[in-house]
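Me: I have a new model open and want to go through its fold. Can you walk me through it?

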Amino acid sequence: MPGQQGDRTGDPFGGRRPTSHELSTGLPWDASYLDGPAPWDTGRPQPAVVRVVAEGGFTGSVLDAGCGTGENALHIAEAGLPVLGFDVAETALAAAREKAADRGIEVEFVAADALELSEIDRRFDTVLDCGLFHTFDTAERHPYMASLASVTAPDATLYLLCFSDEGPDLGPHPVSLEELNAAFTPTSGWSIATVVPDRIETRFHEHGASAWLATIDRV
């Protein structure tokens, strides 16, 4: 999930446009990592991601969107895949790089704005979005889809794990199936293949929060 420390001018958002969540809280995402682990930082990869890796879902070059402290990216890289994780939270990225060095796992972690990914100037075959999409409001989702499309191959696959509005133990920013279908359309460059109920582990949900795991094709 995203965040940023700011720059020398005193702008806490480092010159980028703050997201709707940041505007509502008045804080950059990086603030979530400054006083101990963020609520979503469990210190291990999400079980849903572990399953997708075991099933061979990640192929080619992989982009981890909103990688946080890197647990998912590191797990994917352990399967032998080249992975780039990006976030706007410099504190989270520093922790991710330290984990990679300590574990001897090669993963590239970079600071980037999810709405301006064309600046990365790379193409990826598989994308993981674990907990980023649901932080965007409706107006931000189309630019995000276009941004992801700008750095993915024509036949790329996106695995999206987001909070669901169905079931017990709802997380913040829950997303409905209708919202998913509205966001991922051929005109946005994406088409939903499957959506299944799942869980997202957090530090505050004993059995995880209700979630959707969507497999989405680049078109």
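Reply: Two strands pair here if DSSP finds at least two bridges between them. Keep in mind that this is a predicted model.

Me: OK. What is the strand order in the open sheet?
Reply: The order is E3-E2-E1-E4-E5-E7-E6, an open sheet of 7 strands with mixed pairing.

Me: Which strands stand at the edges?
Reply: E3 and strand E6 (190-200). Each has a single partner strand, so one side of each is left without a neighbour in the sheet.

Me: And what does the twist average from one strand to the next?
Reply: The average is 20 degrees.

Me: How many bridges join E2 to E3?
Reply: There are 4 bridges between strand E2 (residues 83-87) and strand E3 (residues 108-111), and the two run parallel. Aspartate 87 stands opposite alanine 111 in E3.

Me: What does the chain cross through from E2 to E3?
Reply: It goes through helix H4 (residues 90-103), and this β-α-β crossover is right-handed.

Me: Now E4 and E5. Parallel or antiparallel?
Reply: Strand E4 (residues 124-130) and strand E5 (residues 152-163) run parallel, joined by 6 bridges. Valine 127 stands opposite leucine 158 in E5.

Me: Switching to helices. Which strands does H2 lie across?
Reply: H2 lies across E4, E5, E6 and strand E7 (209-218). The helix runs at about 35 degrees to E7.

Me: At what angle do H2 and H3 cross?
Reply: Roughly 15 degrees, with the axes of helix H2 (residues 47-54) and helix H3 (residues 71-78) coming within 10 Å. That makes H2 roughly parallel to H3, because angles under 35 degrees count as roughly parallel.

Me: Is that crossing left-handed or right-handed?
Reply: The crossing of H2 and H3 is right-handed.

Me: Which residues meet there?
Reply: On the H2 side, Val49, Val50 and Val53; in H3 they meet Asn72, His75 and Ile76.

Me: Last one. What does UniProt list for residues 62-155?
Reply: The unreviewed UniProt entry lists them as "domain: Methyltransferase". Over residues 62-155 the chain is 36% helix and 26% strand, with the end C-alpha atoms 13 Å apart.

Notes:
Residues numbered from 1 in each chain as written. Predicted model: local features only at pLDDT ≥ 70, side-chain atom pairs only at ≥ 80, totals over all residues. Heavy atoms only, no water. Right-handed = clockwise from strand over helix to strand, strands pointing away. UniProt positions renumbered as here; feature names shortened; annotations may be inferred. Axes fitted to C-alpha atoms, helices over the stretch in contact; angles between N-to-C directions. Parallel < 35°, antiparallel > 145°, perpendicular 65-115°, else oblique. Left-handed = near helix turned anticlockwise from the far one by under 90°. Contact = heavy atoms within 4.5 Å.
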